Amino acid sequence: MKKLFYSIALSVLVAAGSSCKKVDNYAAPNVTLKGTVTDAGTGKSLQTEQGSGTRIKLLEISWSATPTPFYISSYQDGTYQNTKLFAGKNVISAEGAFVPLVQVDNTGKTIVDKSQTVDVKDVTTVNFSVEPFLRIEWVGDPVLNADGTITTSFKITRGTADANFQQNVSDVAVFINSNNYVGNNNYDNRYTPKLSGNDANNTIGKTVSLTTLGGALPGKRSYFVRVGARISYGLNYYNYTDVKEVKVP
Amino acid sequence: MKKYSYMILAFLLCWTSACKKLDTLPPNIITDQDVFSNSAGIQAYMARMYAELPLEDFRYSPARGLNFFWIIAPVSATTGEALSRDQNGSMQENLTFDDRPTTWSLCYKTIRDANYFAENLPKYASNYTPDQVNAWLGEARFIRAVTYFALVKRYGGVPLVDKVLNYPEQSIAELRIPRSSEEKIYDLISSDLDYAYTNLPASNQVSRANKYAAAGFKSRAMLYAGTVAKYNNISLVDGSGNRLCGIPAAKAVTYFKAAYDAAALLDGKYSLYKKSWAAGDKNAQYQNYVNMFFDASSPENIFVRQYHYPESVHGYDAYNVPRQLMGANGYSSEVNPSLNFVEMFDGIPKNADGTIKTTTNGKYDLYTNTMDLFANAEPRLRATVVLPGDIMKGISIEIRRGIYTGPTAGGISPLLPAGSTAQYPTANIVQSANASQTPYKLPNGTTMNPAGLSGFFTGDGTCSVSGFSVRKYIVPDKPTSEVLENRSDQTWIELRYAEVLLNRAEAAVELNSLGQSDKSYVQDAFTQINQIRERAGADLLAGTTDVNIDVVRKERKKELGFENKQYWDMRRWRVADKEQNSTIYRTLMPFYSANDGKYFFDARLDERNSRYTFDVRWYYEQIPDGEIQKSQNLIQNPGY
């Protein structure tokens with residue numbers, strides 16, 4: 001009797017266990033989307049910061065006309081990549097320190113729409129060519145002075161002729177940090193010189209030199225230098241140069 | 001047989017009469033009739049709505065949201081007013097903590113309660129006098145306005161719900177209400193508060209709104225709207241042209257005028273608390289300022305939230321007393337005012353750049369007692385902050401960083417280079433890692449603990465990490481046995497007359513700067529600021545040429561410090577991202593020089609190296625993703 005009971009119980013368990021074999025047969029996301037946001041004026045990739053800099057906005061319209069946006073943050077050098085996406089039809093645009101690709105006027109009408117509708121599958125590359133608010137060029141390399149400070153020369157020009165994006169330059173800074181992830185999100189304020197207000201706005205079109213603060217920099221290490229500037233528009237994104245390394249002996 | 005049929009029939013007949021009334025409510029459910037038809041029911045309904053009112057009081061912190069007991073990451077430690085071991089940076093309000101409802105959903109619950117009240121009370125109006133009904137309707141509108149204000153200052157434009165929504169009578173599609181423009185929400189707040197002002201009586205039960213509370217809140221809300229119109233440059237416009245984030249700059253004057261006029265309505269109705277104030281007597285002015293926060297009959301209190309042990313409590317004392325007054329829960333010193341905050345006040349020696357002066361010709365100034373540095377400090381500073389060596393609950397609060405044992409001939413040079421965030425050198429300095437200290441033998445043979453009883457301890461943060469402790473709102477006579485979590489019940493003063501005067505002064509200065517000259521705005525701002533300064537015992541402004549927006553804002557920071565207002569002020573002024581940009585706040589460390597037998601002070605950057613950076617996106621907080629999933633018509637704020 002007991003044996004019978006156990007064998008019935010066992011067979012029920014086996015049956016229950018084997019009936020649940022429904023496999024999640026939807027393929028794991030394996031589609032890659034990558035690309036570069038470049039400065040239309042210079043053809044170079046547009047430097048940014050990670051986290052609160054350039055990001056790529058995806059609206060997947062395969063299923064819904066009003067999807068919740070999905071964002072991919074760009075690397076510091078203006079490239080981006082995501083290797084774990086599902087295939088699908090996406091409207092892709094970018095946000096950052098440049099003339100917005102999608103603009104809405106104050107009646108809610110879309111007046112500019114440079115977003116791209118792309119079938120994202122396998123490995124898809126989508127590039128954007130944008131007009132940065134500001135274009136910052138190095139004027140020579142940063143110089144390590146005899147007194148242990150670093151002087152950086154640069155020139156800021158407007159990156160766009162669009163009349164709507166000629167707001168005053170609110171901040172200019174030569175960001176200094178001890179690793180190459182340097183920018184407004186990551187810098188050492190003991191050494192970083194900054195300009196704001198009129199001082200910042202007056203730098204436009206001129207070659208400006210700024211020297212690190214706080215006297216001689218501690219030695220036997222490298223410093224990473226990057227110039228950033230921003231205008232008072234929207235989320236006040238910074239435009240940047242690329243990063244240069246200065247070795248302090 | 002026939003007999004049985006009759007019996008069955010009779011039996012069945014009994015059934016029909018018994019089933020007379022099946023559709024009846026269980027008696028344990030309270031109906032609208034029970035609540036709205038008598039004033040006790042109304043009182044209960046009101047109590048609930050006031051309890052839900054989203055105030056940033058003793059039970060609020062950005063880390064854990066509204067109405068939560070555990071406040072160890074205080075608001076003031078996100079703004080730089082204070083430093084705290086449990087809050088090391090700036091932050092937007094946490095969306096969810098521990099599955100607690102979000103501010104968004106809490107606010108809409110309260111709005112529904114207010115709308116429901118306003119729609120249902122008139123059905124029972126015959127039970128009351130018209131004045132009663134109007135007053136209660138005014139209160140419901142007041143509550144709705146305050147709640148919408150809590151939403152708009154966080155998220156910008158939000159869905160405007162001004163009536164009760166019903167499901168399933170209304171379809172889901174109908175209930176997915178899109179966001180209104182920020183301007184429309186402020187206009188709703190304005191009209192609700194106007195309604196409340198017209199209908200509310202001049203006085204009401206304590207912790208319920210009267211007409212002047214409505215006017216006072218209006219001055220606050222309209223000032224916010226005006227500053228957003230003037231200083232914001234974030235824009236988000238939906239497909240139908242509603243500006244969800246931002247207000248057209250052209251509206252700034254309208255809003256500032258509304259703020260100014262609303263503040264003027266309180267003229268003569270309230271006054272600054274000066275019961276024990278005496279001209280020229282710094283001690284009386286100090287005591288007066290301390291008392292203000294505990295006097296239930298203060299003529300300055302416009303709108304308060306009361307607490308009462310044991311049914312409605314908070315833990316402000318337990319979390320924030322200095323270390324040496326610590327209660328049995330083991331909490332203390334969560335709010336340690338930063339030197340940046342202390343330096344704003346008058347009456348302390350200062351360098352040309354406004355920072356505190358602790359050295360002369362590169363050598364530390366020496367003082368016999370730590371309080372000597374603050375001998376002439378503004379009374380309001382002493383009443384807001386416990387300075388090292390000042391008295392609290394009858395004992396001297398001892399804050400000392402360590403003992404300097406090095407040579408002192410020719411003076412002591414700064415221990416660290418300016419701007420350093422490094423640890424102090426261990427040579428020539430004796431410090432304590434925690435509260436169990438090894439006394440140090442001084443040259444004169446006596447012994448002294450390296451650190452004060454309230455810190456600074458190098459090993460754990462359970463001490464004053466800034467060199468100061470907070471005094472505002474700490475009950476001066478609470479025995480240590482009662483310094484426990486959920487044991488405090490002092491009243492939270494949400495709106496006091498000083499704020500209304502500051503609102504008025506700020507609106508006036510802004511109107512003047514926008515070219516308005518229909519009133520003598522600068523003169524008016526001058527008068528208001530000097531009223532506040534006089535009560536505070538601060539230096540008075542000499543003339544109207546001294547009045548500018550920075551002066552007004554600084555006065556506001558000083559007067560309303562640690563009242564959870566600066567968190568929002570920094571945002572509406574749109575200065576938070578400038579003030580907090582990889583910023584390290586300053587601390588003041590008192591040392592005892594063993595060979596001099598005197599104290600010196602080292603003003604330095606916070607050695608914990610807590611960097612504060614305010615993300616520009618946070619001016620408009622993230623709408624909870626859960627809300628967007630429920631209603632895809634909600635557009636997320638920029639940058640999230």
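**Reading helices and domains**

Q: Which residue takes a positive phi just after H6(B)?

A: That's Gly156(B), with a positive phi of about 80 degrees. Keep in mind that you're looking at a predicted model.

Q: What about H16(B): how far apart are its end C-alpha atoms?

A: They're 23 Å apart. This helix of chain B runs over residues 521-536, so its 16 residues should span 22 Å at 1.5 Å a residue, and the two values agree. After H16(B) comes Gly537(B), with a positive phi near 80 degrees.

Q: How many residues of H6(B) are buried?

A: To call a residue buried, look for 20 or more other C-beta atoms within 10 Å of its own. In H6(B), 21 of the 26 residues pass, so this helix is mostly covered.

Q: Which residues are buried in H16(B), and what covers them?

A: Among the buried ones are Tyr521(B), Phe526(B), Ile529(B), Ile532(B) and Arg535(B). Their cover includes four helices of chain B: H11 (282-292), H14 (379-384), H15 (497-513) and H17 (549-559).

Q: Now the big picture: how is chain B divided into domains?

A: Domain 1 takes 35-85 + 101-269 + 620-630, and domain 2 takes 318-489 + 584-609. Their C-alpha centres lie 41 Å apart. Where the two touch, twelve residues of domain 1 of chain B contact 17 residues of domain 2 of chain B. On the domain 1 side, helix H4 (76-79) and strand S1 (82-83) of chain B each give two or more residues. That side has seven nonpolar, three polar and two charged residues.

Q: And which domains does chain A have?

A: Chain A has domain 1 (31-130) and domain 2 (134-248), with C-alpha centres 27 Å apart. Here 13 residues of domain 1 of chain A contact 16 residues of domain 2 of chain A. By class, the domain 1 side holds two nonpolar, nine polar and two charged residues.

Q: How many residues of chain B are in contact with chain A?

A: Interface size is often given as the accessible area lost when the parts come together. Here we count residues instead: 20 of chain B contact 16 of chain A. The chain B side divides into five nonpolar, ten polar and five charged residues.

Key. Residues are numbered from 1 along each chain as its sequence is written. Chains are lettered from A and ligands numbered from 1 in the order in which they are written. This is a predicted model: local features need pLDDT of at least 70, side-chain atom pairs count only at pLDDT 80 or more; totals for chains, interfaces and linings use all residues. A residue is buried if 20 or more other C-beta atoms lie within 10 Å of its own, exposed if 12 or fewer, and partly exposed in between; C-beta atoms are placed from the backbone. The expected span of a helix is 1.5 Å times one less than its number of residues. Two residues are in contact if their C-beta atoms, placed from the backbone, lie within 7 Å. Domain bounds come from an automatic or database domain assignment. Ala, Val, Leu, Ile, Met, Phe, Trp, Tyr, Cys and Pro count as nonpolar, Asp, Glu, Lys and Arg as charged, and the others, Gly among them, as polar.
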